[in-house]
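Keep the sequence and the 3D view at hand as you read.

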Amino acid sequence: VKKEQVQATEGMMPLRKDYPAEVPQAPDFLVSLRSHTVWEKTPVKLFCTVSGKPNPIVKWYRNNVAIEPLSAPGKYKIENKYGVHSLIISRYNLTHPQFTVRPLIVSSFHFKLHFHKGVLSFSVVFSVVPLLSSIHPSKLEVTLLESFGVTFGTEGESVSLVANMVVVPDLPNLPPEVMWYRDDTLLMPSRWAEMSIGGGVAKLTLPHLNKDDEGLYTLRIWTKDGTAEHSAYLFVKDATPTVAGAPGAPMDVAVFDVNADYVLVSWKPPNTTHEAPITGYFVDRRKSGTTDWVQCNDSPVKVCKLPVHGLTEGASYHFRVRAVNKDGISLPSRMSSGVTAAEVESDVEVYVTIPDPPTNVHATEINKTYVVLSWAPPSPRGRAPVWYLIEKCEGDSHIWQRVNTAVQLRSPRYPVYDMEDKKSYRFRVITVNKYGSSEPSEPTAAIQKVDPCGVPSAPRQVIASRNTKTSAFVQWEPPKHANNLMGYYVDASLVGSKKWFPCNHRPYKHTRFVVHGLVPGDTYVFRVQAVNAYGLSEESQESAPLFIDAALSTPSAPYDISLLNCNGSSMTLAWKRPKNTGGSKITSYYLDKREAESVEWKEVSPSPAVENLTTGVFYEFKIQAANLAGVGLPSEPSKAFACEAWTMAEPGPAYDISFWEVRDTSVLVQWKPPVYAGAGPITGYFVDMAKKGSSDFVAVNAEPVGHCYLKVSGLETGASYVFRVRAVNAKGVGKASDVSDPVCAKALPGTKEIVCGVDEETGDIFLNFEACDVSETSKFTWSKSYKEITESSRLQCVLSSSKLTFVNAEKEDLGIYSVAVTDTDGVSSSYSVNEEELKKMLDLSYNIKHPIVPLKTELNYEILEKGHVRFWVQAKKLSSSVNYRFIVNDKAITSGYKISHDVSTGIIQMTIEHFTKANEGTYTIQIHDGKAKSQSSLVLVGDAFKAALKEAEFQRKEHIRKQGPHFSEYLSFHVTDDCTVMLVCKLANVKKETRFTWFKDDEEITVDVPPNPMSGSCSLPIPMSKISSSEKMRIGGTSEMAWMQICEPTDKEKGHYTIEIHDGKKSHTRTFDLSGQGKWKLDYRGRVAGGLPDVVTIMEKKSLSLTCTVCGDPSPEVTWFKNEQEVVSDDRFKITFEGGKFASLTINNVHVEDSGKYSINVRNKYGGEFVEITVSVYKQGGDIPEPKLGQMAKPISLKISFRLQCTSFHL
C-alpha cells in the first residue's frame, strides 16, 4: 500500500474527531472503553486512547475504588504506550476481599483523567466468574509454553493432556505444585486419572475415557506471583453400540441416602440426537471383590433414579446403569464409587423393651413408578435390633394392609411399587424388636403416584455467533419450566443437510456453550434441549444460520513505515498491512504526522502523498487501520524522514513485497514498482533472499526480470526466508526495498492446485480452484501474468466464484493464470495454459458443444421370413424425446413404411414389406436426441442389392409355399449300425389327401410300406453290403484314421478295396489296389523288420525298453500306443527314433499300472504295419507270471489317413 489512506465504502468509514492544534488541550477519549462479557477463568484487557495537553494523569478505578497494582500482586497490570492506556486483569479468586461467592459478579471499572482544570472519567461494565482459592506461597517462577488445546475422544480410548513449561529454578526434587480441575472439581489420582509432573512437563492421562470425563479441564500451577493457568475443553463421544440404533450409555452414576439395606441410585440421561427416544433404564449392582453384576429392576425404570433395597448390611457395592430404547440396550455406564450399606447411628445405650413407634413418616420420592417412604427411627431405640412393618390403606378407609410381608426392613426407607394409578393411599409404620411391636405411627397424608415435575420445557431464543474459525458461541434463554434441571444438550446441523449431530455428550450446566470442531467456511444451525431426571425436553427452535469464521475485531497496527519518494515539499509513504485484519476487510487508513522535535501529532488529510511539508525538516509518521469493527491501534512512530528532494539517478526502492503460492520448496514473490524511477525507466529487478535471522543475502536471479514477480524454487521445506528487491535502470541498481516479513516454505494443509477442465453441459473451457481455506468475506482474485483480470471479453470471472471461464478460447489465451483468495492466510495457486493442452481442451469442448448419439451398431438390414426387409440401427442410449428420420436416395421417408423405436434397447427400425428393384440405393438415418446428433448410412446397390433382393424373393416364395404342404426339413440321411442308409425328411401343413412319393433318378420307387405323410416324417431305408470285422480282417480306427488289417493274406484277398466316408452332404471315396499289379508299392510300405516280442514280463521299479527295427521308403512315421491310446514322451515314457531305422519306447521305474497292451504303428504313404506287445509288471517279491508265448504275427495292414472339416462327422 503506498497511499497513506484508503477510502472506505460510503457509509462504512469509521469516524475520528478533529482536534485543535492549540495549547493547552483538554483531555478527551480518542478511543473509549467498551463493555465486555468474558469467559469464566479468563483474563480481560481494557484499552483506551486519550489525548490532552499537558499530558493527562491516568487513574483506574473499580467500583469507585482506586486500583493499586501493588496491593494485589499479579492481579492488575497497568500500561501506557504511545497514548494507549491498558488495564490487564488476571483471574478472580473466590476469596478475594472485593467479591462475594456468587456465580456471576458484575463490576464497574472507571477510568479517570486528572489535569489541572478537572477530572474526566469513563466507565465500563463487564461480567466475570470468580475462581477458587487464595494465593499459594511459592518460590518458583513458572511460565507456561505450549499447552493442550480442545481435545476430542471416544469412550474406551486413552487421552493425555500435556502442558510444557519453564520452571526457574528447575529443581528435580522440588517440582512446582500442580492441580487439575474438571469443571471446577479438583481431580485426584485414581484408576480413571493419572497425573505426572517433571522435566518441564505436566501431564494428565485418562486411560479409559467415558462421557463422565467430558468437561472443561484446567491446569493450575502455583508460581511466585500467584498461579499460572490454562484451560481447554475435552469432548467424549459415545462408543459404537453393540446393537445398531441403541442409545448411548448413561453417565455420572451417583449413590446417596445410604442405609443398612437401602440406597438411592441416580444418573444423567444420554443425548439421543440420532437414536430413538429412551424408554427406561436398568440398574445393575456388584459386590466389591466380585465380578458378577446383578440386575436390580425387572422392568425398565423411566426416571433417572432408582431406590435399591434388600442389600446386605456391611457389604460394599458398585452400581452401573444401562439405557433402553426400541432398538436395544446401551453399553453400561461407568460404575459408581463403592458404597457400604451401613446402619444409621442411634442411641443404643438406653435400656428399652417394647420400642416406640417411628415418627415423621412421609414420602421423599414420588413418581409414577414408585413412592419412597421415609421415617425417623424411634429414639431411644435400645440395644435390641429393630425392624419395621409398613401398612397402607386406600383413601380415607381404616382397613390397613401389610405392605412388606416377605421383607424384613432394617432401614427407615422403603420403595412402594404396587400402587394403582389415580388412587391415593395412606401409610403407617410399626417398630418391631424381640420384645414385641410398637404402636403404629401417625399415618401419612394421602399419597398418589404422579410425576410432580416431568421433563422441562424447551429452551428459548437460541443465538449463535462467531468465535473462531472452527468454533461458534451458542447462548440461549433457560426454559420457563426448569423442573430441577441437570443441564443442556446442544446439537448442530449443516445447513441443507437436515442431519443433526451432538455438540456435547454430557449435560452442560450453563446457558452458553462454545461448539468446537466445526468446518471453516460452512454454515450451521443450532438447537438446544434441557435435561432433568425425567429425560430430555422438546428441541428448541433452530438458531439463525451461522457462517463459521473468526469473530470480527479491530485490526492490529500497521508497521514498518518507509519512504518511497520525496520532492522537497511532499512525501510518499508505504507501510506493511496489519498482521491481523480482525476478520474484516481493511476499509481505510489514518495517517498522523509530527515534526521530529515535537510531541504533537496532527492528522493528515487524504491525498496520494503527504503535502505541505517544509524542506529540510525531519518528520515522523504513525498509521491506524480501520475496518467494520472500528479503528485499530496506531503503529509505532516511523523513523524521522528528512524532507529533501530525491535527485539520484538510480531508481528508488520497490515496496509491498508479498508472497503467494507458498509450497514446500517454492514461493512466488510479488512486489510493486518504485514510485521514484530515477533518471530513466526501470528495466528490471533483482531479488535477494536470506534465511530468517541472517543478513547474508544472495541474489536469486542472475539477470534482472522485467516483471514484478518471480517464482523462487529450491527452498528447504519448513525453513523461513526473507526477501528484498532492487530495481534497475540504465544508470544502475537502485536502493534495496525494506526486508520482507519472513515466509515459511511449507504448504498450507489441504492445499490444492488449479484444475483445467471443460464444462460437461456447455462445453466451456474453465480453470477451477478449490480453496483449502475460505471465509465469508473471501473473494477469488484471478490474474493473467499476475495482473488482475478486471474486464475482458475473452474471460468471465466472478469475485465470489472459484472458476474462471474462457469465452471462445484461442491462442491469445495462452499464458500463466493465477488466483488468490482474500481474507485467508495466503491461499493461492497458478496454472500455465500451453498450446498442447489448449488444443486438447478445444477438442473436448467441440465434442461437448457438438455432441453425438453413440451407436452400438451402424445402419444394417436383415431379410425377414415373409420377404420383408428391416433396416435398423442401435444406439447405446436414447431418451424418450428422441427425434429421427430415414432418408432413401436423398428423399425423407414420411409414409409408406413401418418406422418405430424402442428407448429401452436403443433400436430404431424401418420395415419395407414389398422389397423390389425400385428400392436399390442409399439408406440414411439422422438422429437428434437433445443436443446430441448422429447419422448412419447404408449403400445397397449392385451385387449387394441383388443378393438382398434374391433372398427377399426367396423368403417371400417360401412363405407362400408354406401356406400348403411343404418340407419343414429337407431330405437327409444317416447310416445305422447295420450299415443301412436311412433317407429322412420332415413334412408340415399336410392334409389327409396329401400323397408322398419316392424317386431315384426321376424314376418312382415302389416301397413295401407306403409312407404316411400325416405322421410328419417319411423315411426310406437303403441296405448296403460291407466288410465285417473278423480274425482275418480287422477293422478299426481313431477320430483321424480308419484302417483295415488283413492277417496272413492269401490269393483270395487280392482285389480292389474301397472305403467310402459320408459326412451327411458329400461322399468321400479312397481306393487301394491289392490285385498283385502293385506289388512294388507294398515293398516300400512302412513295416516292422523285427526285434519285438509278443509278451514281456518285468518286475516293478525296473526299466523296460521296447526296441525294434523298422523300414520303408520314404522313411515311415512311428507312433506308440498303450491300450489304443497314443503314448506321449515325458519324464517316464521316452520315445526315440534314430536314423530312420531304430524305434524304441523306454519306460523308467515301471509300476503295476503300466501293465497292458502296447502297440507300434509304422506307416508311410504306401501303407504301414501295426504290431502289438503284451507287457505284464509284477510286484517285488511276488511270483513271476508265466508268459503265454506265441509266434509273432506277420500281418499286412492297409491304412488310410484322412481329415474331415465337418464337425458333425464321427467314426
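Q: Leaving aside its neighbours within four places in sequence, which residues is serine 493 in contact with?
A: This is a predicted model, where local features need pLDDT of at least 70, side-chain atom pairs count only at pLDDT 80 or more, and totals for chains, interfaces and linings use all residues. Residues are numbered from 1 along each chain as its sequence is written, and side-chain values use heavy atoms, with hydrogens and water left out. Contact means heavy atoms within 4.5 Å. By that test, and with neighbours within four places set aside, the partners of serine 493 are Lys498, Lys499, Trp500, Phe501, Thr523, Tyr524 and Val525.

Q: Is serine 493 buried or exposed?
A: Serine 493 belongs to strand 37, residues 487–494. Buried means under 20% relative accessible area, exposed over 50%, and partly exposed in between (1.4 Å probe, protein chains only). Serine 493 has a relative accessible area of 4%, so the answer is buried.

Q: How many helices and strands does the protein chain have?
A: Both are DSSP runs, numbered from the N terminus: helices are H or I with at least four residues, strands are E with at least two. Counted this way, the protein chain has 3 helices and 92 strands.

Q: What share of the residues in the protein chain is buried?
A: The protein chain has 1211 residues. Buried residues come to 42%.

Q: How many residues lie between strand 55 and strand 56 in their hairpin?
A: Strand 55 (residues 720–729) and strand 56 (residues 732–736) run antiparallel and are joined by 3 bridges. Asparagine 729 has glycine 732 in strand 56 as its bridge partner. The number of residues between the two strands of the hairpin is 2.

Q: How are the rings of phenylalanine 871 and tyrosine 923 arranged?
A: A search of the whole structure finds 28 aromatic pairs. Rings of Phe, Tyr and Trp (its six-membered ring) pair if their centres lie within 6.5 Å; planes under 30 degrees apart count as stacked, over 60 as edge-to-face and the rest as tilted. Here the centres are 4.1 Å apart and the planes are at 15 degrees, so the pair is stacked.

Q: How many residues apart in sequence are the parts tied together by phenylalanine 871 and tyrosine 923?
A: Phenylalanine 871 and tyrosine 923 are both buried. Phenylalanine 871 lies in strand 67 (residues 869–875) and tyrosine 923 in strand 72 (residues 921–929), so the pair ties together parts whose separation in sequence is 52 residues.

Q: Which ring does the charged end of arginine 724 sit over?
A: A charge sits over a ring if NZ of Lys or CZ of Arg is within 6 Å of the ring centre and within 35 degrees of the ring normal. The charged end of lysine 803 sits over the ring of phenylalanine 766, 4.4 Å from its centre. For arginine 724 the distance to the ring centre is 4.3 Å, and the ring is that of phenylalanine 697.

Q: What kind of peptide bond joins valine 168 and proline 169?
A: Most peptide bonds are trans. Proline 169 is in the loop between strand 12 (159–168) and strand 13 (178–182). Omega of the bond from valine 168 to proline 169 is about -5 degrees, and the bond is cis.

Q: What is phi of asparagine 484?
A: Asparagine 484 is in the loop between strand 36 (471–477) and strand 37. Asparagine 484 is exposed, with a relative accessible area of 61%. Its phi is positive in a residue other than glycine, with a value near 60 degrees.

Technical notes:
Two strands pair if DSSP finds at least two bridges between them.
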